[in-house]
Amino acid sequence: MPLKCYYYFVKMDHLNSDLLIHAISYLNAQDSCFFSTTCKRMFFLVHQYQSILGTQLSTHCRSRSREDRQPRDEYKQCLACLSSKPNFALLFLASDAECDLCSDLYQSGPPGLATVGVRAPKIQANCNQTIECDIDACLMLGTMPPKNTEIIPFNVSGRTSSTLIKTLTNLSPDTENSVDFWKVFLVYICGDGYYHAESFVSELQSKYPHATIVGGVCDSGYVSCKRMEGRVQRPGPASVEDGIFGLAFGGDVPVRTIVSRGMKSVTGGDKLSLERSRWIVHDAGISRTGDQSYPLSREDVYADSELRPMHIIRSIIDNSSGQVVSPLSMLNSVTNPPEYIGLRRNEMDGYELHTLYPFSIQSESIMLLTTDGTPEPNIPLSNAEIDLFALDPESCLQDLDHTLRNLKLQTQNDMILGGVMFSCNGRGPEKSCMLKTEMADANCFQKYFPKVCLGGFYAGGEIGPEAVVGKRNIFQRGKACVQAFTVVFALFVVPPVKPGSFTFED
């Protein structure tokens with residue numbers, strides 16, 4: 001070290017901790033790393049400050065009009081906004097983008113940087129209070145305290161989650177409680193992996209019932225993790241054209257999820273007001289593979305795991321008359337044909353939606369597929385409220401606005417660092433036959449959170465907690481499935497950090 005610099009740091013070493021922490025708060029990750037090498041005290045203070053900050057997130061996008069930019073520029077821009085070394089990267093690339101940001105991240109990123117990238121026809125970014133979809137790339141760099149978290153990239157060989165589950169169990173600090181350790185799974189599907197998406201997500205949710213699983217169907221992807229000395233060997237850079245891949249987050253992971261779809265009751269009434277339904281399930285049961293009443297066979301599905309138990313609804317009570325009637329009389333009482341049947345048990349927050357398939361209507365009963373990965377198949381539907389729903393443009397926008405407005409209210413004492421958006425490609429970014437607003441989901445998010453960065457893409461199927469109608473608690477986890485015409489937001493939500501309120505014993 002030059003004599004002048006040494007003299008400078010000796011002088012700084014005489015300052016008290018509060019002043020030094022204040023100075024450190026202005027340094028980015030690279031400068032903090034250099035500063036921490038000057039002496040033991042600075043090393044201690046830098047790492048104490050970084051541990052207080054906890055999770056950090058930085059987002060930057062590459063506009064198509066900026067052809068002069070090099071792939072490394074996006075990484076440098078994101079890195080300059082972080083105070084700690086990043087340990088995960090989320091990359092979104094347009095399918096026709098020619099930039100090679102994936103390999104550049106592997107070369108430029110620090111050891112242990114877990115990276116997952118997707119290519120999709122349309123990607124989305126809300127950066128610097130600007131909403132963009134005509135972009136080549138969007139990069140999100142993040143850091144979580146390594147002492148409290150574990151981030152594992154995966155690229156599943158085969159079509160089941162068994163290999164992944166075995167790996168995660170071995171990597172958990174407490175293998176006996178690994179089920180509770182893994183909190184968030186970011187799952188991407190491409191190529192023939194689509195035909196196994198539902199069974200994979202169901203198996204994963206069954207093993208980790210309280211975890212949040214989010215993601216979507218894309219064109220192709222990329223996954224990597226630079227090796228670290230003394231750590232388990234992680235995968236090098238790998239392109240994925242056909243399969244299932246993503247990131248698993250374990251430990252203290254501040255990710256919370258909201259889902260919006262928007263449905264209109266074809267029987268009338270506003271389900272956002274939580275008014276009771278006209279009909280109640282009276283007689284119901286469960287039908288399983290092998291039962292005479294079960295309408296599907298192995299020839300009807302791609303995988304045996306799709307042969308899930310079914311609810312049989314044999315009769316319902318019409319509250320307007322008090323009579324017990326056939327469920328078909330409910331279907332015949334409406335003018336507009338329903339697309340979904342909604343069910344709300346007493347303990348449930350909102351109506352869970354079941355698609356009406358051709359096999360759903362059986363003589364005098366209705367049959368509905370259960371949601372796998374939960375205790376639900378063993379619980380009959382007796383006394384549950386039942387209603388009929390259909391997709392509706394106005395209801396979609398109303399539900400989205402209602403959800404994000406409640407998110408604003410429920411996080412007013414928290415800080416949203418950023419978010420990832422998985423929106424159906426039928427919802428945007430262009431005006432669709434359903435939604436008459438360009439980038440409807442991103443614009444509504446920007447309306448309530450103008451300073452929060454957002455990255456994501458428009459998927460051919462969205463993965464997330466199943467959409468419900470009339471929910472009061474907007475945050476959801478568990479019960480993940482592959483859905484259509486939804487938007488899923490995975491948000492990094494943390495309490496506000498005030499370094500001045502902490503005392504350092506150095």
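What follows is a short chat about this predicted model.

Visitor: What about contacts along the sequence, how many join residues at least 24 apart?
Guide: 80%, among contacts between residues at least 6 apart in sequence.

Visitor: Let's do helix 11. What is its span?
Guide: Its end C-alpha atoms are 26 Å apart. Helix 11 has 18 residues, and at 1.5 Å a residue they should span 26 Å, so the two values agree.

Visitor: Which of its residues are buried?
Guide: S395, C396, D399, L400, D401, H402, T403, L404, N406 and L407.

Visitor: What covers them?
Guide: The cover includes strand 13 (255-260), strand 14 (263-265) and strand 22 (385-391). It also includes strand 23, helix 12 and strand 28.

Visitor: D401 is on that buried list. What does it form a salt bridge with?
Guide: With R405; the closest N and O atoms are 2.6 Å apart. Both residues lie in helix 11, four residues apart, which is about one turn of the helix.

Visitor: Which one links strand 15 and strand 16?
Guide: R314 with D283, where the closest N and O atoms are 3.4 Å apart. R314 sits in strand 16 (residues 310-318) and D283 in strand 15 (residues 279-287), so this pair links distant parts of the chain, 31 residues apart.

Visitor: How accessible are those two?
Guide: R314 has 39% relative accessibility and counts as partly exposed. D283 also counts as partly exposed, at 32%.

Visitor: What about networks? Which residues are linked in one?
Guide: E352, E466 and K479 are linked in a network of salt bridges.

Visitor: Switch to helix 12. How enclosed is it?
Guide: Largely enclosed by the rest of the structure, because seven of its nine residues are buried. The buried residues are A440, D441, A442, C444, F445, Q446 and Y448.

Visitor: What do they pack against?
Guide: Strand 4 (123-127), strand 5 (130-132), helix 11, strand 23, strand 24 (453-459) and strand 28.

Visitor: D441 is charged. What does its side chain meet?
Guide: R427, in a salt bridge of 2.8 Å, N to O. D441 lies in helix 12 (residues 440-448), while R427 is in the loop between strand 23 (415-424) and helix 12, 14 residues away. Both D441 and R427 are buried.

Visitor: Where is the cis peptide bond?
Guide: A cis bond joins G428 and P429, with omega about 10 degrees. P429 is in the loop between strand 23 and helix 12.

Visitor: Which residue of that loop has a positive phi?
Guide: M439, with phi near 45 degrees. M439 lies in the loop between strand 23 and helix 12. It is buried, with a relative accessible area of 12%.

Visitor: And N383, what is its phi?
Guide: Near 75 degrees, a positive value in a residue other than glycine. N383 lies in the loop between strand 21 (365-369) and strand 22. At 53% relative accessibility, N383 counts as exposed.

Visitor: Why flag these at all?
Guide: Because most residues other than glycine have a negative phi, and most peptide bonds are trans.

Visitor: Now voids. How many cavities of 30 Å³ or more turn up?
Guide: Two, in a search of the whole structure.

Visitor: What lines the largest cavity?
Guide: L90, V184, L186, V214, F249, V255, V420, A490 and F492. The lining divides into nine nonpolar residues, no polar and no charged. Strand 8 (182-190) and strand 28 (487-494) each supply at least two of the residues.

Visitor: Last one, P338. Where does it lie, and what is it in contact with?
Guide: P338 lies in the loop between helix 10 (327-332) and strand 18 (340-344). Leaving aside neighbours within four places in sequence, P338 is in contact with V266, L331, L356, L388 and F389. P338 and F389 are 51 residues apart in sequence, yet 5.3 Å apart in space, C-alpha to C-alpha. P338 is buried, with a relative accessible area of 18%.

Note on methods. Residues are numbered from 1 along each chain as its sequence is written. This is a predicted model: local features need pLDDT of at least 70, side-chain atom pairs count only at pLDDT 80 or more; totals for chains, interfaces and linings use all residues. Side-chain values use heavy atoms; hydrogens and water are left out. A salt bridge is a side-chain nitrogen of Lys or Arg within 4 Å of a carboxyl oxygen of Asp or Glu. Buried means under 20% relative accessible area, exposed over 50%, partly exposed in between (1.4 Å probe, protein chains only). On a 1 Å grid over the protein atoms alone, a cavity is a set of points where a 1.4 Å probe fits but cannot get out, and a pocket is an open set with protein on both sides within 12 Å along at least five of seven lines; lining residues have an atom within 4 Å of a point. Grid points are joined across faces, edges and corners, and a volume is the space filled by probe spheres set on the points. Ala, Val, Leu, Ile, Met, Phe, Trp, Tyr, Cys and Pro count as nonpolar, Asp, Glu, Lys and Arg as charged, and the others, Gly among them, as polar. The expected span of a helix is 1.5 Å times one less than its number of residues. Contact means heavy atoms within 4.5 Å.
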